[in-house]
Amino acid sequence: METVAVAAALGFLLLTAAGGSAGDEAREAAAVRELLVRLLGPGPAAAFSVSVERALAAESGLDTYRLSGGGVGTRVRVLGSTGVAAAAGLHHYLRDFCGCHVAWSGSQLRLPQPLPVVPEELTEATPNRYRYYQNVCTQSYSFVWWDWARWEQEIDWMALNGINLALAWSGQEAIWQQVYLALGLTQTEIDEYFTGPAFLAWGRMGNLHTWSGPLPPSWHLKQVYLQHRILDRMRSFGMIPVLPAFAGHVPKALTRVFPQANITQMGRWGHFNCSYSCSFLLAPEDPLFPMVGSLYLRALTKEFGTDHIYGADTFNEMQPPSSEPSYLAAATAAVYQAMIAVDPDAVWLLQGWLFQHQPEFWGPAQVGAVLGAVPRGRLLVLDLFAESRPVYVRTASFQGQPFIWCMLHNFGGNHGLFGALESVNRGPTAARLFPNSTMVGTGMTPEGIGQNEVVYALMAELGWRKGPVADLGAWVTGFAARRYGVSHGDAEAAWRLLLRSVYNCSGEGCSGHNRSPLVRRPSLQMVTDVWYNRSDVLEAWRLLLTATPALASSPAFCYDLVDVTRQAVQELVSLYYEKVRTAYLNKELVPLMRAGGVLAYELLPALDKVLASDSHFLLGSWLEQARVAAVSETEARFYEQNSRYQLTLWGPEGNILDYANKQLAGLVADYYAPRWRLFTETLAKSLVQGIPFQQHQFDKNAFQLEQTFVLSTKRYPSQPQGDTVDLAKKLFLKYYPRWVAGAL
């Protein structure tokens, strides 16, 4: 590694190296012991001994754990250099020695008795300083309605997976409200500025304002309370929470209070007009910039403390007012200077998404201006989509600034089996070995969580590996055995088929955004191409059903059966859609009605019933989370509408239509199925009347259906109904033989 790059990375490590007192070590050990009790219960937890010693880390900043003991009458000893390291060591033992599995969809924690012996004292150290987690969008697509109980589960999951750096962005609007009031804005102006809860991520990045707001006063109070609990728990494990800093975006109302301020209006974003986008950016040279930035950060850190790493994104998916390197350098430097004016030890965490989202704008001079405007080692860049489009390769390892190799994987929190496991497996090692590499960690940056858990299990494991998994086929077989608590040939064969198909995406087509016709507004131009052989998914479906007599008692297996059934139906929808389109183009009414009728009136209702059998696939649960976050019925209706908008129209006119699509019971029946019925009926009417299908008119009619769903107050079950295995079998027996016979 080049001397300058070494100095930059090393300086960064020294700046943020793990330190702390014996009191910190004791607190972190206690946090892991409490996690053990939550995870296993007090009795089984007593079989483990947990301690934390900073001196265990051979190299400062590289988390290390040591495992020993086990067997009859001997406790399993877990020693970590930090609480996170101890939790990761515990997870390693549970996973690799006990065959346990910890997951979003439900954990399998059957411990062997006696506990297995660690044959030789096992010591593992991470190859890099950081294991990062979250995307700014995750806060809105997945976390928005969470209470403390759900946050507690997630922070435990983070600790067990070795996460030591993560966003902690709740409650920031309450601090901004204080600052804006102090600057002279009225409460009405502030209320008009903030978006609704389900869209805060894009308000925070300057993409949106006003849309689906305002935020009720109770929101601010509850979020500040929640943020304190989140920070306390994260810090108790020795994690580093990343707090938000000022990126330069301000309310339009600031121009009333400071009419001489140099404020530029940006362009539109996401098909929104300027009523909701076209944000206002304070010029970096304006004296108001450091004042606003330091006022905010001082108030934020006074309330929440600090761990000296701050996130800010000035030009996320927005073209800067100028491409001049001098302007870009000044804008970047202004953000950093506002940070260090309050916290001299500040490090800026920057999402590198801007460099790959608009590569035509961000040429070498523009990228260099941003990266060079902050002292080396004080800008930590997230290479946000590195498994598909790594930026470090074309920026000479971010020109000496430290970076984290991240797997984005999922856009919008969509359902849909997807992964680029081979790329994920080899990517971190390739980045580590890149000439003059300044890589300092790995990260998981999904826009939404709670899907494709196999991908996240691999990525979390890679954060502790010095090289890739040698045999992904063997790895995924072990994953299935741990997940279900027992080895089963058919289930493992199903997973190997999924590995070579849906989880083997490569090339430019890998975006992690579900574009299946099932979840899109229908048209005659829909793309049904996939990167895999559909027969692999349908065969995996058959194999899982074959395994049901042995595995149906496993909640994780039932979840996977629903998920693979859902994916199989998604494939069938594409095939029936192609029949509908072909029949229309050939002016064949009867085949059109037959295929369209099966799709809209049989297949989608059957899918809805399967989804309704699992608590993870319920629209009712999604909406109930929103309602429970409220303090009044009026608020509950407001939050529910926020949630419905995000899943569907996203904006008032379908501005980012179906981007955050989900396959949930209730949503399939009352949103996707009615659109498909309308599409089939409209095509049939077109043939009968001998007039061309008018997409523009259909879109207008579909929008009425979509809007009706968003504005509806219909309540949906928040508890599962029906037997997953029985419902999946019925669907399989009806459609699989037709597919095999080519008679769909």
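Under the ring-pairing criterion applied here (centres of Phe, Tyr and Trp rings, the six-membered one for Trp, within 6.5 Å), the count comes to 61 aromatic pairs. The structure is a predicted model, in which local features need pLDDT of at least 70 and side-chain atom pairs count only at pLDDT 80 or more, while totals for chains, interfaces and linings use all residues. Side-chain values use heavy atoms, with hydrogens and water left out, and residues are numbered from 1 along each chain as its sequence is written.

The rings of Y392 and F403 have centres 5.2 Å apart and planes at 15°, so this pair is stacked (planes under 30 degrees apart). Y392 belongs to the loop between strand 13 (379–383) and helix 16 (396–399), and F403 to strand 14 (residues 403–407), 11 residues apart. An edge-to-face pair (planes over 60 degrees apart) is formed by F479 and W495, with 5.3 Å centre to centre and 70° between the planes. F479 lies in helix 19 (residues 472–484) and W495 in helix 20 (residues 489–500), so the pair ties together parts 16 residues apart in sequence.

The axes of helix 23 (residues 555–585) and helix 29 (residues 724–741), lines fitted to C-alpha atoms over the stretch in contact, come within 11 Å and cross at roughly 30°; the two helices are therefore roughly parallel (angles under 35 degrees). The residues of their contact (heavy atoms within 4.5 Å) divide into 12 nonpolar, 2 polar and 1 charged.

Conventions
Axes are lines fitted to C-alpha atoms, for helices over the stretch in contact, and angles run from 0 to 180 degrees between N-to-C directions. Helices (H or I, at least four residues) and strands (E, at least two) are DSSP runs, numbered from the N terminus. Angles under 35 degrees count as roughly parallel, over 145 as roughly antiparallel, 65 to 115 as roughly perpendicular and the rest as oblique. Ala, Val, Leu, Ile, Met, Phe, Trp, Tyr, Cys and Pro count as nonpolar, Asp, Glu, Lys and Arg as charged, and the others, Gly among them, as polar.
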